[in-house]
Amino acid sequence: MSETTDHRTAGTAGAAGAAGAGFAERAARLDAGDPLAGLRDRFLLERPSDGDAAVYLDGNSLGALPAGVPARIAEVVEHEWGRLRIRSWTEGGWWQAPERIGDRIAPLVGAAPGQIVVGDSTSVNLYKALVAAVRIAQEGAPGTLGGSGAAGTAGAQGAGSASGAGSPDGAGSADGQVGLPSAPAADGPLARAGSLPRPAGAGGGGEGSGPPRDEILVDAETFPTDGYIAESAARMTGCRIRAVPAGEIGAACGPRTAVALVNHVDYRTGRLHDLPGTTAAAHAAGALVVWDLCHSAGALPVGLDAHGVDLAVGCTYKYLNGGPGSPAFLYVRRELQPRFDSPLPGWNSHADPFGMAPSYAPADGAVRGRVGTPDILSMLALEAALEVWDGVAVEDVRAKSLALTDFFLDCVAAYVPRGRVECVTPAAHAERGSQVALRCEDAEEVMRELIARGVVGDFRRPDVLRFGFTPLYVGYADAERAARTLADVLAERHPGGGPPGAGGPGTGSGA
């Protein structure tokens, strides 16, 4: 399918019957020629030929179980904990696990070793990153905030670079995007944050260097917890919060901006934001950027080092398949590590952790991002889960992701009658993550019925169906079956036509 296809236009009524066989045959051909198809065997999933096999399109919430994890966890519990016990901190490599696993994640997000530490939750890591970023910005040192190399020219690359190298296209606009509220709700967490007292001595770069860096910009459509954390970080650092649409954050950075917090991929719509351009624009204004990679790590190339990203956080239980509650990661660019002043210093990040000194002296390097004792069981489950990436290039995963989502949208456009659903995920590859979000009347009930029929996606209030495509284990036959089942469910719910008020070209029907 060409990226220029307008997925807002409807499929014709009755097209599913005529097109069904054709799409099923096309799916079979695509699966047969898929170089990543064999990776599904690295997961504990039902085979598509099994009668009760589910189509799992919720890997953007919780990834599937990699086949090697159960045996590894049994080994950790029975041998390392059960027999070696305390000796496993040294003999089992437990103590070094946060940095070792961080280095395993690093190539998946375009980072060199020694810049990622694994541990804590995304929320905790985000708090560390935001407060530390404000402190760095308020220290001043003009000209040292931005990265070198590609970051200085990233703005000229535009959004096309955000999808990573190897995308089969670079053109196109964001057809099909239906904007969510561009400002926070009047009673939301970002709306409540205003001007706050600044700590004594906080400045923007020293005496006479300009206004103080006392502003945190936040993606206006951010995941709610990110907003809560940003508001708390603002209170602690004497900053104010300003909510800005993600696509406008680069331009909104000014002399008072300390840091901008941006989601790389919008969790509801699947919109991919311009990481290179936004980072470069923030640096040009003397500000730092913290990127939330929860919906991009393991789904598409990120290029943290290449684009001079300052700090980033991400979860590991989505596209990295680390398991429920698996520890998150924190990236601190190497040049900023000596200035990373964590608001949560702990004995694990001390320069001499077993010295038990009464005063804190931070360790060098990524270790500064640690706080307390690592959660070893979930951390080592994550390490085993990452073995599914052996021999896999994230660029190839991205190429399949775009092909899968294109194919799914083609199927929906053909199967689903006019007026039933509306796509809120951009059509342009450079602006699309690895999910498809469809607005739908009675979306919660529709998703419940889809799950009952073996097509597992999820629902976001008030009316969004989300379908996450994890190319390591999702195939084209899965996409075809999901679209066909969606059409069946909608036809049964509204046998006489679309829901009240649906239909017509203005509703963005089809996909």
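Modeller: A quick definition to start: two strands pair if DSSP finds at least two bridges between them. Keep in mind that we are looking at a predicted model.

Colleague: Thanks! In which sense do strand 10 and strand 13 pair?

Modeller: Pairing needs at least two bridges. Strand 10 (residues 435-440) and strand 13 (residues 464-468) have five bridges. Within this pairing, Leu438 stands opposite Leu465. The sense of the pairing is antiparallel.

Colleague: Which strands are the edge strands of the open sheet?

Modeller: The sheet has four strands in the order 9-10-13-12. An edge strand pairs on one side only.

Colleague: Is Cys411 buried or exposed?

Modeller: The cut-off for buried is under 20% relative accessible area. Cys411 has 0% relative accessibility, so Cys411 counts as buried.

Colleague: What kind of aromatic pair do Trp89 and Trp94 form?

Modeller: A pair of aromatic rings is described by the distance of the centres and the angle of the planes. For Trp89 and Trp94, the centres are 5.3 Å apart and the planes make 85°. Planes over 60 degrees apart count as edge-to-face, so the pair of Trp89 and Trp94 is edge-to-face.

Colleague: And how many residues apart are Phe408 and Phe469?

Modeller: Phe408 and Phe469 form a tilted aromatic pair, and both are buried. Phe408 sits in helix 10, while Phe469 is in the loop between strand 13 and helix 12 (476-493). The pair links distant parts of the chain, 61 residues apart.

Definitions and conventions
Residues numbered from 1 in each chain as written. Predicted model: local features only at pLDDT ≥ 70, side-chain atom pairs only at ≥ 80, totals over all residues. Heavy atoms only, no water. Helix = DSSP H or I, 4+ residues; strand = E, 2+ residues; numbered from the N terminus. Buried < 20%, exposed > 50% of the residue type's maximum accessible area, 1.4 Å probe, protein only. Phe/Tyr/Trp six-rings, centres within 6.5 Å; stacked < 30°, edge-to-face > 60°.
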